[in-house]
Amino acid sequence: MKRPFAVIGFSMLIISLLIIKLSLKMTIALIFGAVVIFCFLWVFKIFRRNKTILFALVAVIIYAVSFLVTEVDYYKAKEQTQERNEFTGIICETPKSSDYAFTYIVKLDGENYRIRYVTQKNEMLSEGDRVKVKAVISQESYNEDFFENSLASKIYFTVFGCEENSIEKTGERDFYYSTVGKIKNWYSTVVDTYLPNEIGAIAKAMTIGEKSEIKQTTIDTFNYSGVSHILVISGLHLSVWIVGILKILEKFCKSDKMIGIVGLTTLFVYSALVGFTPSIVRAGMMVGMVLLGKLLSREADSTNSVGIAVALILVINPFAVMSASFWFTVLSTMGLLILPNRIIDWVKTRKHTEFIFKNKMLYAFLNLVAVSVSISVFTLPIFIVRFEMIPVASLISNLLIVDVALLMMV
């Protein structure tokens, strides 16, 4: 079988749509059933000739076990946090402010999750500050979307500031988060100098993933136009940095291994700069698999690379499927892999289209149209299911905006 990792990754993706709504007992029953079927098929050689079913069953078992373990850990963490009233951790993201509140994300010491502290008072905290939180955590938000996004990003609990709750500095700072915070603050100052107001806010969102300064009306406009993916750091943004650097490097270096090392280093540094957010980790894994192929002097199979990335993401956090940005990343990537060449081949079979392929400008425009159509078609289900809308302008808006956005990033 040529693409085992693709089978595993996408089998995990498909089963996740079912298992995310199952109860604990039904999840255990699913694992048991999958193991029994796998053993049965493994015994009979007639079924072993086609490894696809076996790999798919392995994927089901892996995802179900990962989901079960993560869910148990979540309820264990919930029980433990309800028994505590003091927490220590690090401000791991740039504090966000609005007209009515300040939000601080705290990565708890010794825990694999974070808490969100929301208060009307400006606590004057910055990225990297080590803090002590005094609060009684009783329950999560009743808003289903808010709760699902919290699980997808491993921000399990939200604390609202009041007289009984508090957050304060301990006087210590974390080197990594404080360094990243300084770089991002310097960058924000430079952007604000040359691109003030909303334009600067959009520029910061597209380059370092800082969206807190963008007005809600602007976000809604991007959503309605079907180009909201531009504001979320993803494979599209990573490609600009990685491909740009690799193209320059290829002029001076012919070693695939050296190119792979530099590419992976650049990928890691940029991911660290934007804070290893869930969206950047997902996109980074997909781009990283392609670069790893260069490092190992092997031609990367794009579909297999996406499958590996999906599998790793879902093993690390099976709740990632609750995130819209996860589906944007996966589906837009698959759209770019599957549709553009098919659209171009279809155009070739039409009569009187030879002139398009003879003219470089027209051929380049055809490629842009094919990419725009591919992204629009594959991401349409997300808009329908998640945002309950059909972005009829997405085809044109992607065609007009995406390439301009890439130029703006450079």
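Guide: Two strands pair when DSSP finds at least two bridges between them. The strands themselves are DSSP runs of type E with at least two residues, while helices are runs of type H or I with at least four, and both are numbered from the N terminus. Before we start, please keep in mind that this is a predicted model, in which local features need pLDDT of at least 70 and side-chain atom pairs count only at pLDDT 80 or more, whereas totals for chains, interfaces and linings use all residues. Residues are numbered from 1 along each chain as its sequence is written, and side-chain values use heavy atoms, with hydrogens and water left out.

Let's settle on strand S3, which covers residues 102–108. Five of the seven residues of S3 are buried, so the strand is largely enclosed by the rest of the structure. In general, the side chains of a regular strand alternate between the two faces of the sheet.

Now for the partners of S3. Strand S4 (residues 114–119) runs antiparallel to S3 and is joined to it by six bridges. Within this pair, Thr103 stands opposite Val118 of S4. The two strands form a hairpin with five residues between them, and Gly110, which sits in the turn, has a positive phi of about 70°.

Strand S2 (residues 96–97) is another antiparallel partner of S3, with two bridges between them. Ser97 has Phe102 of S3 as its bridge partner.

On the way from S1 to S2, the loop holds Thr94. Its side chain makes a polar contact with the side chain of Glu127 at 3.2 Å. Such a contact is a pair of N or O atoms within 3.5 Å; within protein, one must be able to donate a hydrogen and the other to accept it, and residues adjacent in sequence count only if both atoms are side-chain atoms. If we count contacts in general (heavy atoms within 4.5 Å) and set aside neighbours within four places in sequence, Thr94 meets Glu127, Lys184 and Glu210.

Let's step back to the surroundings. The protein chain has 16 helices and seven strands, and 45% of its 410 residues count as buried. Among its contacts with a separation of 6 or more, 68% come from residues 24 or more positions apart.

Nonpolar side chains in soluble globular proteins tend to be buried together. A nonpolar core here is a set of buried Ala, Val, Leu, Ile, Met, Phe, Trp, Tyr and Cys residues joined through side-chain atoms within 4.5 Å. The largest such core has 63 residues, and those touching the most other members are Leu13, Tyr63, Ile115, Val133, Ile167, Leu314 and Phe326. Helix H4 (residues 51–83) gives the most to this core, with eleven residues. Leaving out residues up to four places away in sequence, Tyr63 touches partners including Met12, Ile15, Leu314 and Val321. Apart from this core lies another, of 15 residues, among them Ile242, Ile280, Ala283 and Val287.

If you work with cysteines, here is something for you. A search of the whole structure finds zero disulfides, taking a disulfide as a pair of cysteine sulfur atoms within 2.5 Å. Cys92 counts as buried because its relative accessibility is 3%, while Cys39, at 41%, counts as partly exposed.

Finally, two backbone details to look up. Asn197, in helix H7 (residues 197–208), has a phi near 60°, a positive value in a residue other than glycine, and its 68% relative accessibility makes it exposed. His352 has a positive phi of about 60° too, although it is not a glycine. You will find His352 in the loop between helix H13 (324–349) and helix H14 (354–358), where it counts as exposed at 67% relative accessibility.

How values were computed: Buried < 20%, exposed > 50% of the residue type's maximum accessible area, 1.4 Å probe, protein only.
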